[in-house]
Amino acid sequence: MLPVSDTPPVYSKPKTPDILDRKHSYLTAVKPYLSLHHRRTWFFLAVLLLQLLLLLSAPSLPFSLSAATPRPSPALDNLIPDNPTSTHLAGDTILDSPASCPYGKVYVYDLPPQFNTEIVKNCGGINPWSSRCDALSNTGFGKSAAAAISGTVPANLSGAWFWTDQFSLEVIYHNRMLNYRCRTAAPESAAAFYIPFYVGLAIERSLFTKNSTTAERDRHCKMMLDWVGDQPRFKKSNGWDHFITLGRISWDFRRSRDGDWGSACIYMPAMRNITRLLIEKNPWDYFDVAVPYPTGFHPGSVADVAAWQDFVRRRDRRTLFSFAGATRGFIKNDFRGILLNQCYSEPGSCRVVDCGGSKCANGSSAILEAFLDSDFCLQPRGDSFTRRSIFDCMLAGSVPVFFWHRTAYLQYEWFLPGEPGSYSVFIDRNEVKNGTSIIGVLNKISKKKVKKMREKVIEYIPKFVYANNNRGLEGMDDAFDVAVEGFLRRVKEQEGGYKWK
């Protein structure tokens, strides 16, 4: 507030104290009370003793010194209550420690259950061909793979392996957001807002049902945006500080014409400023952020990560390169077919895992074994530019070989090294089509260089796994932490920056 008077107050300069005189005056003043015969001396001693007793007994006091923390909405308590193999979306205590949240806190919207938990409750009808209940159980990790994987990985780590579906991202992120250390229950103190909408699961049936209409594919997204659009915080920022997880590739939500594939969710006006975390992004859309596909490895602690890194580092690799996948016979000059032909022509140097049909669904021990035994793994594009196999490969400590820049280099910038050549090999697909020998290229890379590249891959493993711990990995960021903190950092650093009006 401005001062009432325009005349500044006059302050006199204090005199320099005489330290010796002050010490003498203090001693003189207290001297009468230093005697044990004075009753005030006993009073002071009694007070000091009482304080000492209180300090010693503090750990056992019946009350808590920490602030009370709110519980999440009961609507989010049970993920699939009727499925005995499932667990619930855990609602642990929210930590609101400013020191651990340098970019601010996140508010999680309590959406009506029709947008998330009810979708998973009806897991048997999500897919037109088979039930998705097993895949979505255990907060999105799926059923345990310990029995199947026990002969391939160290016994103490087999419990960290699950049959995780590559499209379960929405459930995994929702569970972690409910327990995020920087979650707040007070929207007015939030720097960002998370929308826990399972749109990828909501549209799955209509994507693969032949007679589905565009209205059916767009219905859930329109309803969600109508709900969020009525929220005060959304109106204030027009959604620029909001983010959502879309559990499929960006192109499944970018239908521009009624007769085309997918939903038009991303093109809806209210979605324009919302940041989307997806397993594959449109590299030219600022609001798309590519995050790692979920793999089957979900460490519960930093010790689990360190043990796995040590295991893959020490692995004896007897094969130069490997390829796990299947041909696309309906595609003319199928590039995967070219790779398979080169692999089959070098049986002593290349290992093939034929994934025809559904033999490699959600990963398998055969894929893991092939990658663990190989120096390099071939990573062409999948049905889209990316594929989950990229992360299965690197998780095994194998060096990926890419043929399209958009398979990784233009996708996962927050999660992979900035220098592509430090952890991967790039061979232009057109050169391969024109006869370039893959084994010829890989044989020219020195053992020393291969070891250095593998070490870089192993270093980055924590950044592309999702922890099996509601709190994440203490002292180590996993893929979830990198994604959410990356978004929060962008909001803080670019506030008032690029956005649609």
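At 24% relative accessibility, R315 counts as partly exposed. This residue forms a salt bridge with D373, and the closest N and O atoms of the pair are 2.9 Å apart. The structure is a predicted model, and a search of all of it finds 25 salt bridges.

**Chain overview**
- The protein chain contains 18 helices and 10 strands.
- Taking contacts between residues at least 6 apart in sequence, 74% join residues at least 24 apart.

- R315 and D373 form a salt bridge; R315 lies in the loop between α11 (302-314) and β6 (319-325), and D373 in the loop between α13 (365-372) and β8 (374-379), so the pair ties together parts that are 58 residues apart in sequence.
- D375 forms a salt bridge with R454, where the closest N and O atoms are 2.5 Å apart.
- That pair also links distant parts of the chain, since D375 is in strand β8 and R454 in helix α17 (residues 447-459), 79 residues apart.
- Both D375 and R454 are buried.

**A salt bridge between R257 and D260**
- R257 and D260 form a salt bridge, with 3.2 Å between the closest N and O atoms.
- R257 counts as exposed because its relative accessibility is 58%, above the 50% cut-off.
- D260 has 27% relative accessibility and therefore counts as partly exposed.

**Helices α6 and α18**
- The axes of helix α6 (residues 169-178) and helix α18 (residues 479-493) come within 11 Å and cross at roughly 75 degrees.
- This angle makes α6 roughly perpendicular to α18.
- On the α6 side, Y173, R176 and M177 take part in the meeting, and on the α18 side A479, F480, D481, A483 and V484.
- R176 and D481 also belong to a network of salt bridges that links R176, R181, D478, D481, E485 and R489.

**Nonpolar surface patch**
- W129, F208 and W261 form a nonpolar patch on the surface, and together they have about 370 Å² of accessible area.
- F208 is found in helix α8 (residues 204-208).
- F208 counts as partly exposed, at 30% relative accessibility.

Terms used
Residues are numbered from 1 along each chain as its sequence is written. This is a predicted model: local features need pLDDT of at least 70, side-chain atom pairs count only at pLDDT 80 or more; totals for chains, interfaces and linings use all residues. Side-chain values use heavy atoms; hydrogens and water are left out. Patches are made of residues with over 30% relative accessible area and no salt bridge: like charges are joined within 9 Å, nonpolar side chains (Val, Leu, Ile, Met, Phe, Trp, Tyr) within 5 Å. Accessible areas come from the Shrake-Rupley method with a 1.4 Å probe; for residues, only the protein chains shown count as cover. A salt bridge is a side-chain nitrogen of Lys or Arg within 4 Å of a carboxyl oxygen of Asp or Glu. Helices (H or I, at least four residues) and strands (E, at least two) are DSSP runs, numbered from the N terminus. Buried means under 20% relative accessible area, exposed over 50%, partly exposed in between (1.4 Å probe, protein chains only). Axes are lines fitted to C-alpha atoms, for helices over the stretch in contact, and angles run from 0 to 180 degrees between N-to-C directions. Angles under 35 degrees count as roughly parallel, over 145 as roughly antiparallel, 65 to 115 as roughly perpendicular and the rest as oblique. Contact means heavy atoms within 4.5 Å.
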